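Let's walk through this model together, one region at a time. Have the sequence and the 3D view ready.

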Amino acid sequence: MFWAPGAYPPAKNSVDSGAATDQADAEGATPLIIACYKGHREIARLLREAGAAVDQAKEDDGCTPLHHAARSGNALVAMMILDRLQTRQRMVDPRTSVNARRETPETLARRIGSEEVSEVLDRFADLVRDA
């Protein structure tokens, strides 16, 4: 439901009704992971604001919402996830976030040819390094 086209109103109703935002499906994907993978900005924002875990990884591949945002090629979704990670953990370096295959979000962004996401991740990492 969270990732279907036109799903924002039902997703908002579900979140407003107290739906579990971190409940994983049979494949281990949370609604936020799916929204990030599909590049659904508004649903990702809704879930993030509802307190969905931005660092919860899928058990089978170790990919976090940031990995999936990078894989989708959506720079705005990647920035939203980085912002929340930074708020919760203070020092977040996307270059050290690796999945089960030892791939970083930037590796995944480059694989699909998303220079925009790669640039966001690089600049964010530089900001963290210089802080």
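Where does T30 lie? T30 sits in the loop between α1 (8–16) and α2 (31–38); helices here are DSSP runs of H or I with at least four residues, numbered from the N terminus. This is a predicted model, where local features need pLDDT of at least 70, side-chain atom pairs count only at pLDDT 80 or more, and totals for chains, interfaces and linings use all residues. Residues are numbered from 1 along each chain as its sequence is written, and side-chain values use heavy atoms, leaving out hydrogens and water.

T30 is buried, because its relative accessible area is 0% (buried means under 20%, with a 1.4 Å probe and protein chains only). Not counting residues up to four places away in sequence, T30 touches T21, D22, Q23, A24 and Q56; contact means heavy atoms within 4.5 Å.

Next, look at how helices pack. Two packed helices are described by the angle between their axes and the distance between the axes. The axes of α2 and α4 (residues 65–72) come within 6 Å and cross at roughly 20 degrees; axes are lines fitted to C-alpha atoms over the stretch in contact, and angles run from 0 to 180 degrees between N-to-C directions. So α2 is roughly parallel to α4 (angles under 35 degrees count as such). In this pair, L32, I33, C36 and Y37 of α2 meet P65, H68, A69, R71 and S72 of α4.

Now find α5 (residues 75–89) and α7 (residues 115–130), which pack at about 20 degrees with axes 9 Å apart. That angle makes α5 roughly parallel to α7.

Methods
Helices (H or I, at least four residues) and strands (E, at least two) are DSSP runs, numbered from the N terminus. Buried means under 20% relative accessible area, exposed over 50%, partly exposed in between (1.4 Å probe, protein chains only). Angles under 35 degrees count as roughly parallel, over 145 as roughly antiparallel, 65 to 115 as roughly perpendicular and the rest as oblique.
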